[in-house]
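Here's a quick briefing to read alongside the model. Have the 3D view open and follow the topics in order.

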Amino acid sequence: MIILYHLAISHYNEKARWALDIKAVPHERRAVVPGALRFVARRIAGNTTLPALVDTDTGARLGESSAILQYLDQEFPEPRLYPADEQGRDRVLKIERYFDDIAGPAVRGFGYAYLQDFPRVLKARWSPGLSGAQRVVLALMFPVLRRLLPRVFGLTPERTERRGKQILDICTKIESWLQESGCGYLHGDTFTAADLTAVSLLGPLLQPQGSPWGMRSKAAEPGFPPAPFVEYRQEFMRREAAQWAMGIWNRHRGARA
Ligand SMILES: N[C@@H](CCC(=O)N[C@@H](CS)C(=O)NCC(=O)O)C(=O)O
């Protein structure tokens, strides 16, 4: 049996969920309380981040979203996420690494910079999938977790501005890759881990319906979402890269999310 330890709001975790769903792999999802995340990741995969995956049939224990995707591609080859030829595989891995290293932290830091001021929304975003007991733990840890956010993710106004610019540069990169490929995908003429990674990691800004970021929070809070975020998102959504990403989500993720 495959068990995925994850955090619903996390876009890196979305990579693993999407891969499991697209390959129709039977699995169990175990949501983790943000404050317990490092402890769980270390116990499961000797890592400090989620997602983490255990395959009780093979004994595999994996941390790092890319390692999880590669493992799933090897164990459940259809549909393939990495090209069979070595050159294509290396290129997809390189594109995936670009998004993991640059887009993941930029989008997360940008999103938390605005979310940090809205405790009810923040708590609601950290809650999906948690059991009653885990919700109690989250409620107890929440004030400390919230206070730690700026330090953990470096949430200064300067960095938020830099991250906003970085995300628009990422759009430019995507647009040039799409032009190069000419087939509507980042590599070749089929959907690969490169597309899955790009779209997952842009997810918190795309906010597709049915995704963890598209939910209309029951815990609505006055002033949320803040105007500067709304304005930025409008600019982002006008980009060809964002339109492409939304199209990929609708075609390859939508119904299964
Ligand atoms: N390189 C990792 C990054 C995963 C990651 O940063 N996960 C976050 C959730 S968004 C996490 O576990 N953060 C906890 C921490 O850094 O302490 C991957 O691709 O899986």
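For the residue classes used here, Ala, Val, Leu, Ile, Met, Phe, Trp, Tyr, Cys and Pro count as nonpolar, Asp, Glu, Lys and Arg as charged, and the others, Gly among them, as polar. With that, the shell around the ligand comes out as five nonpolar, five polar and four charged residues. Keep in mind that this is a predicted model.

**Around the ligand**
- The ligand has 14 residues around it, and Ser10, Tyr12, Thr49, Leu50 and Ser65 are the closest.
- Leu50, one of the closest residues to the ligand, is joined to Pro51 by a cis peptide bond with omega at about 15 degrees.
- Pro51 itself sits in the loop between H2 and S3.

**Helix H3**
- H3 buries Ser65, Ile68, Leu69 and Leu72.
- Looking down the axis of H3, you'll find those buried residues within an arc of 100 degrees, so they line one face of the helix.
- Packed against the buried residues of H3 are helix H1 (11–22), strand S3 (52–55), strand S4 (60–63), H4 and helix H8 (193–206).

- The chain splits into domain 1 (2–75) and domain 2 (86–256).
- Their centres, taken over C-alpha atoms, are 18 Å apart.
- Domain 1 puts 18 residues into the contact, and domain 2 puts in 26 residues.
- On the domain 1 side, H1, strand S2 (27–31) and H3 each supply at least two residues.
- H1 gives the most to that side, with eight residues.
- By class, the domain 1 side has ten nonpolar, four polar and four charged residues.

**The largest nonpolar core**
- This core holds 58 residues, and Ala19, Ala198, Leu202 and Ala245 are the ones that touch the most other members.
- H4 gives the most to the core, with ten residues.
- Both domain 1 and domain 2 take part, with at least three residues from each.
- Leaving out residues up to four places away in sequence, Leu202 touches Ala103, Val107 and Ala245.

**Loops worth a look**
- Asn47 is in the loop between H2 and S3, and it is partly exposed, with 18 other C-beta atoms within 10 Å.
- Asn47 and Glu64 are 17 residues apart along the chain, with 7.9 Å between their C-alpha atoms.
- Setting aside residues up to four places away in sequence, Asn47 touches Ala41, Arg42, Ala52, Gly63 and Glu64.
- Asp117 lies in the loop between H4 and helix H5 (119–126) and counts as partly exposed, with 13 C-beta neighbours inside 10 Å.
- Asp117 and Phe224 are 107 residues apart in sequence, but 9.0 Å apart in space, C-alpha to C-alpha.

- Most residues other than glycine have a negative phi, and most peptide bonds are trans.
- The bond from Phe224 to Pro225 is cis, with omega near 0 degrees; Pro225 is in the loop between H8 and helix H9 (227–237).
- Ala24 has a positive phi of about 50 degrees without being a glycine; look for Ala24 in the loop between H1 and S2, where it counts as exposed, with 11 C-beta neighbours inside 10 Å.
- Gln207, not a glycine either, has a positive phi of about 50 degrees; Gln207 is in the loop between H8 and H9 and is partly exposed, with 16 other C-beta atoms within 10 Å.

Notes:
Residues are numbered from 1 along each chain as its sequence is written. This is a predicted model: local features need pLDDT of at least 70, side-chain atom pairs count only at pLDDT 80 or more; totals for chains, interfaces and linings use all residues. A residue is near a molecule or strand if its C-beta atom, placed from the backbone, lies within 6 Å of it. A residue is buried if 20 or more other C-beta atoms lie within 10 Å of its own, exposed if 12 or fewer, and partly exposed in between; C-beta atoms are placed from the backbone. Helices (H or I, at least four residues) and strands (E, at least two) are DSSP runs, numbered from the N terminus. The arc is that of the directions from the helix axis to the C-beta atoms. Two residues are in contact if their C-beta atoms, placed from the backbone, lie within 7 Å. Domain bounds come from an automatic or database domain assignment. A nonpolar core is a set of buried Ala, Val, Leu, Ile, Met, Phe, Trp, Tyr and Cys residues joined through C-beta atoms within 7 Å.
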